[in-house]
Protein chains: 2
Amino acid sequence: MARPTLEIVAARAAVSRQTVSNVLNSPHLVRPETRTRVEAVIAELGYRPNRAAQTLKTRRSQLVGARIEPPRDGINRVVLTHFLHALTSRAQLQGLRVMLFAADEDRDEIGQYEQLLEDHDLDAFVLTDTHVGDARTAWLAERQVPFVTFGRPWGALSAYHSWVDVDGGAGTRAATTHLLDIGHRRIAFLGWPSDAAAGDDRRDGWAQTCAAAGIHDERLDVRVPEGLEHGRAATAKLLDLADPPTALVCVTDSLALGVWAEVTRRGLRVGRDVAIVGFDDSPTAAVIGLSSAAQPMDQAAAACLELMHTVLDAPQPAPTPPGPVLLAPQLVLRASTARD
Amino acid sequence: MARPTLEIVAARAAVSRQTVSNVLNSPHLVRPETRTRVEAVIAELGYRPNRAAQTLKTRRSQLVGARIEPPRDGINRVVLTHFLHALTSRAQLQGLRVMLFAADEDRDEIGQYEQLLEDHDLDAFVLTDTHVGDARTAWLAERQVPFVTFGRPWGALSAYHSWVDVDGGAGTRAATTHLLDIGHRRIAFLGWPSDAAAGDDRRDGWAQTCAAAGIHDERLDVRVPEGLEHGRAATAKLLDLADPPTALVCVTDSLALGVWAEVTRRGLRVGRDVAIVGFDDSPTAAVIGLSSAAQPMDQAAAACLELMHTVLDAPQPAPTPPGPVLLAPQLVLRASTARD
């Protein structure tokens, strides 16, 4: 069978050649229904854009740099692999490739940017794990290297650069609302110390929902470092209160697993006696039956690529960075919040 | 500070320029102690090989293709991310970059090879997840595209291509030996149905160790499909025997988690009443305290790159593929095999 051409894809999807080209290069210009239809035809026919022609037309390398996470946290950060997979799958459908690098901290990562730009002339970078005082975004912005971050510019102006993020507060709001709906009134929050901006965002969702329901007990607002053991110790203290919580919302699945360990150690039943909700919907949560707020990684990757195309199509530097995109997490309910 | 040169690295490490060049381009030619010393100096000084010069000299793109795993199993396969991270870190120390692709099955992956070779002229591929009747290795071998696999050529001649693998039988042998040492005599094995060659390899380690200890009970040799629920159901049957096992060795951590769930559901204590050992040392195992056989991913990645250099330096096709390299897994002992 002959290799499918742009013309064949356009005919089959009943759109113009320009629309197919837009789906591949500037998907933000195409209506979602049309995009879905054209992408389905591309996948069905196995159409592959001719990269040489594309490079000639756009003068781009069609390469995007992204970091692979070091395996330092076995629970929550595993979901960043899902993001990287989604980014890779979606990018290759558009004729783009993801070039990987590894780095331990900002300075190291900037060193990798330098080398990648020198050796392979990348079009753009997709960053993860933004944080207060992020040296990477400052470096890229100063050199006018196009980039998009998955994670907002914590501690900086929201319009500092293009970003996609998940609304942590919406996740804990949904979790707390659900716990109130099924009858809980003593709902604790296990969060991080207040220097972690993402943690404060997640705490706010819980605190605001409790306040709106007329509930306030600051003994139930607990701050601990990340990790199962810290979660376990904090839970022991909470369950020793004269009026212990019947439900705990946690800033991560790691802390939620610590809650789980302490609850079962006491012979209490998870779900029936004590409800637990985590954050990040890690693979571990799915396996043991922990309810958790899931970050929509496919949507996040698609949004990052779309913003990236907009950034690349804009004059450099863009007067205002396109975006941001704030996505709602999805509360996944499992046995740990079931009352029977 | 001036950018460090090859000369400066050589002087600091007290070796010749050629040795530094060999560490970067043909590490298999350098003695391990020397390599470690030179690599430490490279890292310390932040030396970066000049890729343009390297490409000119070797006529290589310095690009290696590797697949990112789809997130289809949340427990065991997560460890392949560690392999990809180790491959990326070590490759970039040698001036190589990993270009990612996503693919669902062999045909799809071969389509990606075609496109990657056409667009980016990759030097080689590193494959994971080899299986009986692997269409990918046949395709690459036929076209004389250099590649190395992490995973042996199951069902084909061992010398079919260059490969690195972990000795599954050695892992279950170590697990079973440890259980015998701490006094267990009724040791069951939860494995896969016999069409999975890697599963048979792991079963053999258990069966041979039991046989050598004069133990044989075929009711304790159980074959179930992968997944926590299958592990749980099989454990229920085993624990209902008149003479139930006191220890279970599992072909994966997923099945071991199923054992764990059934043991605790019955009010038995993991470790003290029933010992459990998994395979793959997943992040979940580390968190809940499951003993497990760990695949040495850093070593595996280093060995894959080293074989790849040998393949690239050999005339194509090589008369005999270099390798294989078979690595021993490491048994990580945790609470699930502790008797107190």
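Trainee: In which order do the six strands of the open sheet in chain B lie?

Mentor: The order is S7-S6-S8-S9-S10-S12, with mixed pairing. Please note that this is a predicted model, in which local features need pLDDT of at least 70, side-chain atom pairs count only at pLDDT 80 or more, and totals for chains, interfaces and linings use all residues. Residues are numbered from 1 along each chain as its sequence is written, while chains are lettered from A and ligands numbered from 1 in the order in which they are written.

Trainee: What makes S7 (221-223) and S12 (330-332) of chain B the edge strands?

Mentor: Each of these strands pairs on one side only. Strands here are DSSP runs (E, at least two residues), as helices are (H or I, at least four), numbered from the N terminus. Two strands pair if DSSP finds at least two bridges between them.

Trainee: Why are S8 (residues 247-250) and S9 (residues 275-279) of chain B called a pair?

Mentor: Three bridges join them in the parallel sense, and at least two are required, so the term applies. Ala247(B), for instance, stands opposite Ala275(B) in S9(B).

Trainee: Which strands of chain A pair with S5 (residues 163-166)?

Mentor: S4 (residues 147-150) of chain A is joined to S5(A) by two bridges, the strands running parallel; Phe150(A) has Val164(A) as its bridge partner. S11 (residues 325-327) of chain A also pairs with S5(A) in the parallel sense, over three bridges, and there Asp165(A) stands opposite Leu326(A).

Trainee: Are the residues of S5(A) buried or exposed?

Mentor: Trp163(A) and Asp165(A) point one way, Val164(A) and Val166(A) the other, and all are buried. A residue is buried if 20 or more other C-beta atoms, placed from the backbone, lie within 10 Å of its own, exposed if 12 or fewer do, and partly exposed in between, so each of the four has 20 or more. Of the 340 residues in chain A, 50% are buried.

Trainee: Why are the two copies said to be related as by a two-fold rotation axis?

Mentor: A rotation of 180 degrees with 0.0 Å of shift along its axis superposes chain A on chain B, with RMSD 0.1 Å; the two copies are therefore related as by a two-fold rotation axis. The superposition is by least squares on the C-alpha atoms of residues with pLDDT of at least 70 in both copies. In chain A, the C-alpha of Met99(A) is nearest the axis, at 2.3 Å. The same surface serves both copies, as 100% of the contact residues of chain A recur in chain B.

Trainee: How do the axes of H8 (residues 168-181) and H9 (residues 197-212) of chain B cross?

Mentor: These axes come within 7 Å and cross at roughly 35 degrees. The axes are lines fitted to C-alpha atoms, for helices over the stretch in contact, and angles run from 0 to 180 degrees between N-to-C directions.

Trainee: What makes the crossing of H8(B) and H9(B) right-handed?

Mentor: A crossing is right-handed if the near helix is turned clockwise from the far one by less than a right angle, and left-handed if anticlockwise. H8(B) passes H9(B) in the right-handed manner.

Definitions and conventions
Two residues are in contact if their C-beta atoms, placed from the backbone, lie within 7 Å.
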